[in-house]
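Please read the following walk-through with the model open beside it.

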Number of protein chains: 2
Amino acid sequence: MQRFITVDNLDLEINKKLLLPDDLFHHAVHVLRMKIGNQFELVDATEQAYVCEIETLTKKEGTIKVVSTIDKNPELPINVSIVCGVSKGDKAEEIVKKGTQLGAASFYFINSKYSVARWKNQKQNKKINRLQTIAKNAAEQSHRLKIPRVFWLNDFSELIDKSENYDLKLIAYEESAKQGEKSALAQMINQLRQNHELSLIAFFGPEGGIAKDEVEQLTKNQFKCAALGPRILRAETAPLYLLSALSFGIELE
Amino acid sequence: MQRFITVDNLDLEINKKLLLPDDLFHHAVHVLRMKIGNQFELVDATEQAYVCEIETLTKKEGTIKVVSTIDKNPELPINVSIVCGVSKGDKAEEIVKKGTQLGAASFYFINSKYSVARWKNQKQNKKINRLQTIAKNAAEQSHRLKIPRVFWLNDFSELIDKSENYDLKLIAYEESAKQGEKSALAQMINQLRQNHELSLIAFFGPEGGIAKDEVEQLTKNQFKCAALGPRILRAETAPLYLLSALSFGIELE
């Protein structure tokens, strides 16, 4: 069933009837061509999902009735933020789209030293807004309760400030993989498995890799280098490995 | 360092000098503009990696010398095959590219019941050949020793015949995720962790999902339904989740 997530608080409860908010009306009726009697899932700012049914429709508005609650919580039980050095092409879109399906809580992007395609001032906002829309759509498609937030970071000192809010800090570092490092990620996931209140921030380099002085700056601030297996992963694959490993280690094992 | 993988047996050993095979000459010299003295990694049919150095170059050929062996083995220790119902667009390319980075041994594609974009007879070969090239490039980039093989399957009975060669058989089934199934994947990974000789074949539906009678046909033939976490993953994300979880569970934990 189609799911919509809105950041408005609609005070939903079973049997409540309400006007479809404008953006939902457009998407449900004009894009998806829903009719009277069709049902969909609706999540509002309280992060509770409900099944709703369309009761009336005119050309300009529609009313719905809340039919039932959905009690399943598909959110990754820990708060994970993904920080990526900017890469070429549509890699950021791909990371946000798949990372949202895999449960990330937020995404940060930053021009790092070896970023081949840097985002200049004038296009940072536009890029972040577009990524925020991708996150919303992906959250709806993967039936999440939360839309991940997407942010821009101006520089490494801003990244380090942000990282103060996290309990665990990780750098996905290719050199660690080359040196056969194996235990850092498993140790972190073990900590997270034992305490779902802990949060994690993970830094990933762009396709050009991470500069030594960037690694030093981060490790001085409690970031730990970790290998994501022995093969060399591309910039857009590494965050998906981390999130999949987190889900498997915490949700399934 | 750039890695090349060839399926020829070049009888490589330290200090051996040899003519660069034609395809490697083209790639190294014309595409990557390598010069005398440049080094690269070379893996031949024996799946051993060596560092080689270019010794002589003319317009038409080059000779190299084998400098040293590389003893690291980055291959996923178990044999995993990914079977995908054909999806729209470039999803097959994405699955092969990222799945190769994540260690898959082979890929199979099949027109399944809910495939929106079916591959017709005349384009199956072309598609498979293109995917095989993508697998080779991705294997070189992720510094593997093996190029995964890519195959076409004509129908489900051919899939079931193939699956006889595998010890463990999995269906990534959305309905299992919806019903809160949690333990099947962890159980399989536990078996694989204890015995690296076991092999795994995993079936993934196209974007339209898996038909009930397809699931029945597979489960009758020892395939087990497994959820890949509680969120709904898209067709091109699910195989990456499985391979990442396998790598984490078997190589890092």
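In chain A of this predicted model, six strands form an open sheet in the order β8-β7-β6-β10-β9-β11, with parallel pairing. Strands here are DSSP runs of E with at least two residues, helices are runs of H or I with at least four residues, and both are numbered from the N terminus. Two strands count as paired if DSSP finds at least two bridges between them. At the edges of the sheet stand β8 (149–153) and β11 (224–226) of chain A, and because each has a single partner strand, one side of each is left without a neighbour in the sheet. From one strand to the next the twist averages 25°.

The partner of β8(A) is strand β7 (residues 106–110) of chain A, and the two pair in the parallel sense over five bridges. Within that pairing, Ile110(A) has Leu153(A) as its bridge partner in β8(A).

Strand β10 can be followed in chain B. Strand β6 (residues 79–85) of chain B pairs with β10(B) in the parallel sense over six bridges, and five bridges join strand β9 (residues 168–172) of chain B to β10(B), again running parallel. Ala202(B) takes part on both counts: Ile82(B) stands opposite Ala202(B), and Ala202(B) is also the bridge partner of Leu170(B).

How many of the six residues of β10(B) are buried? Six of the six are, where buried means under 20% relative accessible area, exposed over 50% and partly exposed in between (1.4 Å probe, protein chains only). In a regular strand the side chains alternate between the two faces of the sheet. In β10(B), Ser199(B), Ile201(B) and Phe203(B) point one way, while Leu200(B), Ala202(B) and Phe204(B) point the other way.

Helix α2 (residues 91–101) of chain B is also mostly covered, with 10 of its 11 residues buried. Among them are Lys91(B), Glu93(B), Glu94(B) and Lys98(B), along with Ile95(B) and Val96(B). After α2(B) comes Gly103(B), whose phi is positive, near 105°.

Taken whole, chain A has eight helices and 11 strands, and its C-alpha trace spans about 65 × 45 × 30 Å along the principal axes. Of its 253 residues, 55% are buried. Among contacts in chain A between residues at least 6 apart in sequence, 74% join residues at least 24 apart.

Residues are numbered from 1 along each chain as its sequence is written, and chains are lettered from A in the order in which they are written. Local features need pLDDT of at least 70 and side-chain atom pairs pLDDT 80 or more, while totals for chains, interfaces and linings use all residues, and side-chain values use heavy atoms, without hydrogens and water.

Notes:
Axes are lines fitted to C-alpha atoms, for helices over the stretch in contact, and angles run from 0 to 180 degrees between N-to-C directions. Contact means heavy atoms within 4.5 Å.
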